[in-house]
Amino acid sequence: MNNLLKKIYHPETFREQGHQLIDLLADYLEEMSQDPSTPVLESRPPADMRAFWEKEMNHNTILSSDQLFGNIIKNSIHILHPKYMGHQVCAPAPITALASMVTDLLNNGTGIYEMGQVGSMMEFSIIKILAKAIGFESDFGGFLTSGGTLANLTALLAARSHATDVWEKGNEENYALMVSEQAHYSVDRAARIMGWGASGIIKIPTDSHFRMEVEALEMHYQAAVSSGKKVIAVVASSCSTATGSFDDINGIADFCERHNIWLHVDGAHGGSLAFSEKYKHLLSGIQRADSVIVDFHKMLLTPVLSTAVVFKKEQDSYHTFRQKASYLFNNTAEEEWFNLALRTFECTKNSLAIKIYAQLHQYGIESFDAITTQLCDRGKALAKIIEHTPGIELALIPECNIVCFRIVPIGASEEEINALNAKIRKKIIHSGDFYIVQTVLNKKVYLRTTIISPYTEVSHLQALVDRILDHPN
Ligand SMILES: *Cc1c(COP(=O)(O)O)cnc(C)c1O
């Protein structure tokens with residue numbers, strides 16, 4: 001063996017670096033758990049950051065594992081930090097990070113059974129647990145894929161194959177889907193990828209709580225049909241990304257049943273609440289969907305990316321990348337139920353299930369209830385603080401852990417209020433005191449938080465509100 005390779009693959013190198021790394025990460029976790037003085041993010045301009053890594057890359061001294069990884073940790077955004085309240089990415093359970101190390105060293109690609117018999121068969125157990133939480137009967141099927149965006153596309157491709165022969169014949173009609181105007185952009189993108197263009201996405205207006213106006217579906221549907229469109233699917237947002245609003249799934253399901261249209265539930269974020277005894281009522285009717293997606297990496301303790309696509313009828317999962325009428329092909333595909341690549345967009349795929357398996361095996365589905373319920377409780381607690389604080393207002397009463405609000409100084413114009421809120425967010429991020437994001441609703445700039453870290457306590461939420469009101473202006 002080449003000397004360099006000998007060193008790279010030497011078990012003792014790994015043992016030594018690994019021990020150092022685990023100590024480093026355990027210290028990191030300890031710090032995050034104890035009200036860290038470390039900023040949530042040491043924000044640096046992109047050009048500086050780029051130059052920094054360019055310089056590091058060309059460094060020829062060998063760094064210790066501590067230095068090598070310490071540098072990465074120091075310059076990263078700290079999702080586990082109690083004052084991280086930004087985008088929807090979970091604070092991974094530490095056991096899942098250990099599982100990642102195992103999956104990465106083994107590197108079993110799960111697309112073909114033989115190349116990943118552990119990861120691919122574990123997916124079936126995970127899909128079963130999720131399907132049961134959703135309320136699907138025994139006929140369900142599904143798999144894990146790389147993220148909500150790909151999962152939405154995969155489910156909508158299945159919806160299209162269910163209603164058309166498009167896989168063989170191409171788009172023969174003007175197909176369309178219906179979705180709330182608050183839906184995640186990945187739904188819009190899926191329709192465009194399928195070649196339906198902008199007019200293939202029929203946006204349904206939302207009510208004052210940013211939920212789809214279900215009564216408006218019929219009118220938009222009739223208008224679409226008269227203009228020659230074939231509506232393939234309706235997508236319910238559970239919940240919407242910007243405001244965490246849950247569409248009325250039962251209302252949408254009634255409409256879909258009336259017209260025999262596929263119902264897809266985008267539960268990337270809120271689908272996780274199927275595991276929360278306290279909050280699962282927000283998903284009422286979800287068992288009526290034809291397909292559902294849930295990101296395990298948003299509220300369910302798993303590192304990015306890991307998303308479940310679940311179909312009410314397993315057979316539908318075979319249609320995604322196959323012509324509907326081709327029974328021969330389908331039979332072959334179904335006989336090879338264990339080769340998941342027949343049903344997923346990916347060919348080679350990470351063993352996504354192992355991380356989720358490790359978590360569930362060690363801590364049970366109670367851990368999913370515990371985290372989702374705690375995060376939503378914190379969202380409610382933040383809303384309560386805001387309601388009781390003059391000078392700051394909610395965009396809406398939040399239903400889960402996504403909370404939108406803004407500071408409203410007396411006498412300021414809407415324009416001034418928008419500019420002020422945007423400026424406050426920038427300042428707060430720059431200081432590293434908190435990490436929050438922003439969104440625009442009805443032309444108003446709102447500060448937006450998603451409570452993510454298990455370490456976030458009500459005191460941190462109060463500190464956030466105090467920090468916002470204490471803006472130097
Ligand atoms: C986050 C999100 C997505 C996209 O999921 P990714 O895993 O980021 O690709 C889709 N839909 C909704 C409602 C989301 O919140």
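Tutor: Let's start with Ile22, which counts as partly exposed because its relative accessible area is 35%, between the limits of 20% and 50%. This residue belongs to helix H2, residues 11–33. Beyond its neighbours within four places in sequence, Ile22 touches Leu98 and Met101. Asn108 is another matter: Ile22 and Asn108 are 86 residues apart in sequence, with their C-alpha atoms 23 Å apart in space.

Please keep in mind that this is a predicted model. The chain has a mean pLDDT of 94, and 97% of its residues reach 70 or more. One stretch to treat with care is residues 323–329, where pLDDT stays under 50 and the model has 11 contacts beyond four places in sequence. Where confidence is low, predicted coordinates should not be read in detail.

Now to the ligand. The shell around the ligand holds 15 residues, of which Gly148, Thr149, Asp266, His297 and Lys298 come nearest. By class, this shell is made up of 10 polar, 3 charged and 2 nonpolar residues. Helix H7, residues 148–163, supplies the largest share, with 3 residues.

An N or O atom in the side chain of His297 is 2.9 Å from an oxygen atom of the ligand. In Thr241, a polar side-chain atom lies 3.0 Å from a ligand oxygen, and for a polar side-chain atom of Lys298 the distance to an oxygen atom of the ligand is also 3.0 Å. The ligand on its own would expose 380 Å², and the protein buries 88% of that area.

You will find Lys298 in the loop between E6 and E7. Its relative accessibility is 13%, so Lys298 counts as buried, the cut-off being under 20%. Besides the ligand oxygen already mentioned, its side chain makes a polar contact of 3.2 Å with the side chain of Asp295. Leaving aside neighbours within four places in sequence, Lys298 is in contact with Gln88, Val89, Cys90, Ala268, His269 and Ile452.

The loop that holds Lys298 has another feature to inspect. Leu305 also sits between strand E6 (291–295) and strand E7 (307–311), and a cis peptide bond joins Val304 to Leu305, with omega about -15°. A further cis peptide bond, with omega about 5°, links Ser238 and Cys239. Cys239 is in the loop that runs between strand E4 (229–237) and helix H11 (249–259).

Finally, take a look at two backbone angles. Phe210 is not a glycine, yet its phi is positive, about 65°. Phe210 is placed in the loop between strand E3 (201–204) and helix H10 (216–226), and it counts as buried because its relative accessibility is 7%. Asn260, again not a glycine, has a positive phi of about 55°. Asn260 lies in the loop between H11 and strand E5 (262–266).

Terms used
Residues are numbered from 1 along each chain as its sequence is written. This is a predicted model: local features need pLDDT of at least 70, side-chain atom pairs count only at pLDDT 80 or more; totals for chains, interfaces and linings use all residues. Side-chain values use heavy atoms; hydrogens and water are left out. A residue is near a molecule or strand if one of its heavy atoms lies within 4 Å of it. A polar contact is a pair of N or O atoms within 3.5 Å; within protein, one must be able to donate a hydrogen and the other to accept it, and residues adjacent in sequence count only if both atoms are side-chain atoms. Accessible areas come from the Shrake-Rupley method with a 1.4 Å probe; for residues, only the protein chains shown count as cover. Helices (H or I, at least four residues) and strands (E, at least two) are DSSP runs, numbered from the N terminus. Ala, Val, Leu, Ile, Met, Phe, Trp, Tyr, Cys and Pro count as nonpolar, Asp, Glu, Lys and Arg as charged, and the others, Gly among them, as polar. Buried means under 20% relative accessible area, exposed over 50%, partly exposed in between (1.4 Å probe, protein chains only). Contact means heavy atoms within 4.5 Å. pLDDT is the predictor's confidence in each residue, from 0 to 100.
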